[in-house]
Amino acid sequence: MGMENYFAKLLLTSEMDDPPYFAKVHQTIADLEKKRVAHFNTHGPLNQEYILLLTELNAAYTLARDTAQELEIAKHIYQNCLALNGEDDELTIEALIALAFSYLDDGQVDQAQPIATMLLRMEWGSESGPSYDLYIDALALQADIQHEKKEYGDEQMLRTHILALLTELAGSTSNQTIMARLAMAICLEKQGRYKESLDHYLVVRSYLDYETDWATEAEKIGLMVHIGRCYRKMGNFDDSRLLYHWAHRHATKHFGQSSTLARKLKGLVSAFDQAKP
């Protein structure tokens, strides 16, 4: 589980608009639902294998942007973990955090907030307490809640804390640290702090040169457009234009010129070129 995929927040269009991607995601869901029913009928719901199947299904519904189903599955996972392991078990706490993220994905901030509040009051850091990774996830949950409420100043304070903790615990180039840095960049961009935002985006971008499979092509294009937007807002039109054109070419190459993403980028590029200073 762990942190949300903040790359998805950079997408310019839904990846579900891409027919092969759409088909693949729905095929995955159909296969998992079949497995789930078969497993349930043989072994019932109260076993770790069933919970793992549900976790895969939850991820598939998240990709499909089917937040109602994603939330439904998250509730099942939590209830099963609770019945199987009790409320103090780390797997149960992890499932509770995931449930809160699913409430948030479904736009139910009021359901997510009490969970976050409760989690942050737990005995973290004591010998018998839950692991620190889960504490960081709980902080990220609270930061995501502030983001949804557009309370970007409060969000930024949490992001700074998360980034410092992860850098110390996991190193500056761990996947989790890079994801936290991306969340920080998005938060700063929302506040119009384009120079600071850009600095973080560029670190994420250079990381993707090594971890090439970590973001999808559509997410990489989204990242480039956000970088281009920061340059544009800072008055650096040359770099900005280069990036917009790169994004358009890349989208056309990967998804075809009639794809939603390529069409949207064509519009962005022509608006940019017409408005050139």
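Visitor: Which helices each supply at least two residues of the lining of the largest pocket?
Guide: Helix 2 (48–63), helix 3 (67–85), helix 4 (90–105), helix 6 (132–148), helix 8 (175–190), helix 9 (194–210) and helix 10 (217–233). Helices are DSSP runs of H or I, at least four residues, numbered from the N terminus. This is a predicted model: local features need pLDDT of at least 70, side-chain atom pairs count only at pLDDT 80 or more, and totals for chains, interfaces and linings use all residues. Residues are numbered from 1 along each chain as its sequence is written, and side-chain values use heavy atoms, leaving out hydrogens and water.

Visitor: How much space lies in the largest pocket?
Guide: About 1100 Å³. Of its 37 lining residues, the closest to the centre are Glu4, Asn5, Ala8, Thr62 and Asp105. On a 1 Å grid over the protein atoms alone, a pocket is an open set of points where a 1.4 Å probe fits, with protein on both sides within 12 Å along at least five of seven lines; lining residues have an atom within 4 Å of a point. The volume is the space filled by probe spheres set on the points.

Visitor: New topic. How many aromatic pairs?
Guide: Seven. Rings of Phe, Tyr and Trp (its six-membered ring) pair if their centres lie within 6.5 Å; planes under 30 degrees apart count as stacked, over 60 as edge-to-face and the rest as tilted. The rings of tryptophan 124 and tyrosine 135 have centres 5.5 Å apart and planes at 45°, so this pair is tilted.

Visitor: Are those two buried or exposed?
Guide: Tryptophan 124 and tyrosine 135 are both buried, meaning under 20% relative accessible area (1.4 Å probe, protein chains only).

Visitor: Which residues form one aromatic cluster?
Guide: Phe7, Tyr207 and Trp214.

Notes: Buried means under 20% relative accessible area, exposed over 50%, partly exposed in between (1.4 Å probe, protein chains only).
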